[in-house]
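Please look through the model below before you read my notes.

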Amino acid sequence: MSQLRSQFPLIAAAAAGICWAAALTLLIYGDLQRLTNPLAPERLLYYGMVLGATLFTFVPIEARLNLTGLTVEGVIGFGLLAYTLAFVPAPQGWLLEPADLPIYGLFFIALLIAGAAAARPFIAALSRRFFQQRARAFDQRRVRRQAYEVGLFLAAAAALASLNALSWASLLLILVAIVIAELLFLARVQVQAVGE
């Protein structure tokens, strides 16, 4: 039993890789947008592969790093992103056109949540490695906030790209604004450690 428990992360990683590969194959080669029935077998298979991929990816990470809610964020973010990429028709106009604004908004929200879920384990691991104070190293609110700042950066970069205004200078300005906001948060916000 202990041998199975010790091999679970490896098994979960292999299962996640298979599910991600199957979902990407269906997304690229499956022509899913032509399917109008939401319960078509190809769509159900795609839903299952995305759900399996996110669960096999985020459940072991959440358990290992004690990141409460990571699996829910990962399933919602990557599920919404996968759904948007597969089934929502691509926008035909500019970002601020009323007809295309909901499509862009859905994509940006999905990118924000998925980016935050993907960044959160890395931020938590780096925090535990580099912060000397235990309270700072295990501060879950700070880790979640910084993960959403990464997601916000990705969504803002995508918004600038859709406006044809993406450049190194605009990315640097967004990054500087996020870093200044985070420094202000770090100066003002009290630490909340795990278990509080």
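1. Start with one term. Buried means under 20% relative accessible area, exposed means over 50%, and partly exposed is in between (1.4 Å probe, protein chains only). By that rule arginine 120 is buried, because its relative accessible area is 1%. Glutamate 73 is buried too, with a relative accessible area of 11%.

2. Now the ground rules. This is a predicted model: local features need pLDDT of at least 70, side-chain atom pairs count only at pLDDT 80 or more, and totals for chains, interfaces and linings use all residues. Residues are numbered from 1 along each chain as its sequence is written, and side-chain values use heavy atoms, with hydrogens and water left out.

3. Next, charged pairs. Side chains of opposite charge can pair when their charged atoms come close. The term salt bridge is used here for a side-chain nitrogen of Lys or Arg within 4 Å of a carboxyl oxygen of Asp or Glu. How many salt bridges does a search of the whole structure find? The search finds 3.

4. Take glutamate 73 with arginine 120. They form a salt bridge, and their closest N and O atoms are 3.3 Å apart. Glutamate 73 lies in helix α3 (residues 70-87) and arginine 120 in helix α4 (residues 101-130), so this pair ties together parts that are 47 residues apart in sequence. Helices here are DSSP runs (H or I, at least four residues), while strands are E runs of at least two; both are numbered from the N terminus.

5. Glutamate 73 has another partner. Its side chain meets that of arginine 144 in a salt bridge, at 3.1 Å from N to O. Arginine 144 sits in helix α6 and glutamate 73 in helix α3, so the pair ties together parts that are 71 residues apart in sequence. Arginine 144 counts as partly exposed, because its relative accessibility is 31%.

6. Is glutamate 182 buried or exposed? Glutamate 182 counts as buried, because its relative accessibility is 8%. Arginine 145 is buried as well. Leaving aside neighbours within four places in sequence, glutamate 182 is in contact (heavy atoms within 4.5 Å) with Arg142, Arg145, Gln146 and Glu149.

7. Check glutamate 149 with care. This residue is in helix α6 (residues 140-162). Glutamate 149 is buried yet has no salt bridge. The nearest side chain of opposite charge is arginine 145, 4.0 Å away. For charge, Lys and Arg count as positive and Asp and Glu as negative; His and the chain ends are not counted. Glutamate 149 also touches Ile178, Glu182 and Phe185, not counting residues up to four places away in sequence.

8. Turn to the nonpolar cores. A core is a set of buried Ala, Val, Leu, Ile, Met, Phe, Trp, Tyr and Cys residues joined through side-chain atoms within 4.5 Å. The largest nonpolar core has 11 residues, including Phe58, Leu70, Ala117 and Val143. Helices α2, α4 and α6 each supply at least two residues of this core. Which helix gives the most? It is α4, with 5 residues. Leucine 70 touches Phe58, Ile61, Glu62, Ala117, Arg120 and Pro121, not counting residues up to four places away in sequence. Apart from this core lies another, of 10 residues, among them Ala23, Leu35, Tyr46 and Ala86.

9. Finish with tyrosine 47. This residue is found in helix α2 (residues 41-65). Tyrosine 47 is partly exposed, with a relative accessible area of 29%. Its C-alpha atom is separated by 8.2 Å from that of tyrosine 83, 36 residues apart along the chain. Leaving aside neighbours within four places in sequence, tyrosine 47 is in contact with Pro38, Tyr83 and Phe87.
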